[in-house]
Amino acid sequence: MLPLDVSKKKVNATTGMTCETFSTDQNAIRIQLVNGSSEISGRIEITRERTKGSVCDDEFDDNDAKVICRMMGYSTGEEIPNIFGDGEGVIWLDNLNCTGSEYGVEMCPNLSWGKHNCKHSDDVAIKCFKKDVRIQLIGGSSEISGRIEITRKGVKGTVCDDHFDNNDAKVICRMMGYSSGKVIPNIYGQGQGVIWLDDLNCTGSEVELEICSKLSWGKHNCGHDEDAAIRCIKKVNATTGMTPTFSTDQNAIRIQLVNGSSEISGRIEITRERTKGSVCDDEFDDNDAKVICRMMGYR
């Protein structure tokens, strides 16, 4: 089988691909980093009201970069020199004033779209960083419920239920792309390995666990019979503004792109009849990729 090139990104063997985000809401925001050597760095390009534009570097700092990177599915980010060239068209944002804790620029104070006193020579660039924490829910009938499994620095582990409440569940669900969550009885069995977290003390407003007070990785006084389970509610993609579908029907198909730097690219993984599998690249082309991306809510 030959390597497959989709959207100018090299992928091979079992099929991998990249989807482009879109929304039928013309006010939805799409963010990408352009002209970098990879999708994690470059000049910020925002598409809003179906119009592409840039962000001015006046007052822009690492807190603003963190929020924009978070919207793209990364854990954090930083401002870098713009060696990626000037943008064109609208300058969408100027004098951003995010605190770094927001999970979207719309939540940053005094945001004003399209108002600026800048030129494109002032366009800002950032670099995003991949998450070293991956969370999934294990043992449930769909991906929205189950025992919490956290993979940190390549090591899988669980969360103890001591003092664990709905506020903690909300934060974990939010990190997975859902809007909220709640604690449920663990009917999914015991985990194995590390117990990563105990006595969580989130307020429920945090966008990620690292912001929760007194967080201490790997310190606990629990056994795996105390592993916590949760159910998440209403998945919303921050970039597309669309709600992907899921089903408890065991014949339903779930598609995700795995091992990419964000959720829009990676090897295709299809779950059907509760069994995970892949797609062979024989005869696979951009038309096939378009259909699969469309099923995931992309264009």
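Student: Which residue in strand 9 is the bridge partner of T76?
Tutor: That's F129. One thing to keep in mind as we go: this is a predicted model.

Student: Noted! How many bridges hold strand 7 and strand 9 together, and in which sense do they pair?
Tutor: Five bridges, and the pairing is antiparallel. Strand 7 covers residues 76–80, while strand 9 takes in residues 125–129.

Student: What about strand 5 and strand 9, how many bridges join them?
Tutor: Three bridges there, again with the strands running antiparallel. Strand 5 spans residues 41–48.

Student: And which residue of strand 9 stands opposite G42?
Tutor: I126 does. If you're clicking along, pick G42 and I126 together to view that pairing.

Student: Switching to charges: which residues form the negative surface patch?
Tutor: The patch is made by D57, E59, D61, D62, E78 and E79.

Student: Let me pick one of those. Where is D62?
Tutor: D62 belongs to helix 1, which runs over residues 62–71.

Student: Is D62 buried, partly exposed or exposed, and why?
Tutor: Partly exposed, because its relative accessibility is 37%. The exposed class needs over 50%, and buried means under 20%.

Student: Where does D199 sit, and how accessible is it?
Tutor: D199 is in the loop between strand 14 and strand 15. With 39% relative accessibility, D199 is classed as partly exposed.

Student: What about K214, what is its phi and where is it found?
Tutor: Phi of K214 is near 60 degrees, a positive value in a residue that isn't glycine. K214 is found in the loop between strand 14 and strand 15.

Student: Is K214 buried or exposed?
Tutor: K214 counts as exposed, because its relative accessibility is 79%.

Student: Last one: where is S216, and how far is its C-alpha from that of D199?
Tutor: S216 lies in the loop between strand 14 (194–197) and strand 15 (229–235). S216 is partly exposed, at a relative accessible area of 25%.

Conventions:
Residues numbered from 1 in each chain as written. Predicted model: local features only at pLDDT ≥ 70, side-chain atom pairs only at ≥ 80, totals over all residues. Heavy atoms only, no water. Patch = residues over 30% accessible without salt bridge, like charges linked within 9 Å, V, L, I, M, F, W, Y side chains within 5 Å. Areas by Shrake-Rupley, 256 points an atom, 1.4 Å probe, with all protein chains shown as cover. Salt bridge = Lys/Arg side-chain N within 4 Å of Asp/Glu carboxyl O. Lys, Arg positive; Asp, Glu negative; His and termini not counted. Charge placed at Lys NZ, Arg CZ, Asp CG, Glu CD. Helix = DSSP H or I, 4+ residues; strand = E, 2+ residues; numbered from the N terminus. Buried < 20%, exposed > 50% of the residue type's maximum accessible area, 1.4 Å probe, protein only. Pairing = 2+ DSSP bridges.
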